[in-house]
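Open the model in your viewer and keep the selection tool ready.

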Amino acid sequence: VLCVSQDFDFFYFVQQWPGSYCDTQNSCCYPTTGKPAADFGIHGLWPNYKDGSYPSNCDSNNPFQQSQISDLRSSLQRNWPTLACPSGNGVQFWTHEWEKHGTCSESLLKQHDYFEAALDLKQRANLLRALTNAGIQPDGELYSLSSIKGAIKDAIGYTPYIECNVDASRNSQLYQVYLCVDTSGSGFIECPVFPKGKCGSQVEFPTF
Ligand code: 5GP
Ligand code: 5GP
Ligand code: 5GP
């Protein structure tokens, strides 16, 4: 039989809390389309290997093409907003994510389907609802890392990885949430490996 080499083992589906992107030393810029909703936004859908390494920039012959995602554009603006400076309309961020990460799963998900898969995953992993239902709110208070992880696990069924960053006063805060997804991009799985990094045992959940 003809056997195609394994491109990657699973995806990290990564969502970012905008309040924690914006309140750091570096600050942020709202997109040209306006301040995003006070909700988690997509950062990316990243092919990964189970040894923790990952492929990147896999096909320079398959650049991001706006024409492929025209039907998804308004949903991407709402659910995958850019916060980097200077302000952009999102195209720069989606281009970066497609070219660095999306091209590494192109044999399984064409450009349109890659972005649609990420949007569908966000609908199925409503992190803000999971947290607020457990009394964990973006109010600038401190919450235990274990309560945050537990609330997400209870709501979504899978253990997340939490990435923290620090605010301008060096407080550890909830920045990104990683969930693992099978190679088809359609279902959550338990993570084969977790990223490495430190949070405090108590982390801030900033307002946005
Ligand atoms: P940082 O060094 O800020 O954690 O990550 C910078 C960038 O490297 C991320 O935005 C992402 O593109 C990539 N990256 C970091 N960690 C991982 C990982 O564990 N898996 C994959 N696939 N990409 C990662
Ligand atoms: P990564 O390589 O870390 O996946 O993607 C980060 C790149 O996307 C950086 O070049 C960053 O400037 C750009 N970028 C644009 N908008 C955003 C945003 O809202 N959040 C993050 N984390 N990076 C963004
Ligand atoms: P445990 O395996 O006992 O849950 O955690 C072992 C160590 O990993 C502890 O220092 C804990 O703070 C850290 N840790 C556990 N889960 C996460 C997570 O989701 N994100 C980060 N950054 N550290 C974690």
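Select Phe-13 first. Skip its neighbours within four places in sequence, and Phe-13 is in contact with Leu-45, Ala-118, Leu-121, Leu-179 and Val-181. Contact means that the C-beta atoms, placed from the backbone, lie within 7 Å.

A word on the model. It is predicted: local features need pLDDT of at least 70, side-chain atom pairs count only at pLDDT 80 or more, and totals for chains, interfaces and linings use all residues. Residues are numbered from 1 along each chain as its sequence is written, while chains are lettered from A and ligands numbered from 1 in the order in which they are written.

Now widen the view. Which residues touch the most other members of the largest nonpolar core? They are Phe-13 and Ala-118, in a core of 38 residues. Such a core is a set of buried Ala, Val, Leu, Ile, Met, Phe, Trp, Tyr and Cys residues joined through C-beta atoms within 7 Å. Buried means that 20 or more other C-beta atoms lie within 10 Å of a residue's own, with C-beta atoms placed from the backbone.

Colour strand E5 (172–181) next. E5 gives the most to this core, 7 residues. Strands are DSSP runs (E, at least two residues), and helices are too (H or I, at least four), numbered from the N terminus.

Last stop: ligand 3. Around it, select Leu-145, Lys-149, Tyr-161, Ile-162, Cys-164, Gly-197, Lys-198 and Cys-199. Each has its C-beta atom, placed from the backbone, within 6 Å of the ligand. Helix H6 and strand E4 (161–166) each give two or more residues to this shell. E4 gives the most, with 3.

Technical notes. Buried ≥ 20, exposed ≤ 12 C-beta atoms within 10 Å, placed from the backbone. Contact = placed C-beta atoms within 7 Å.
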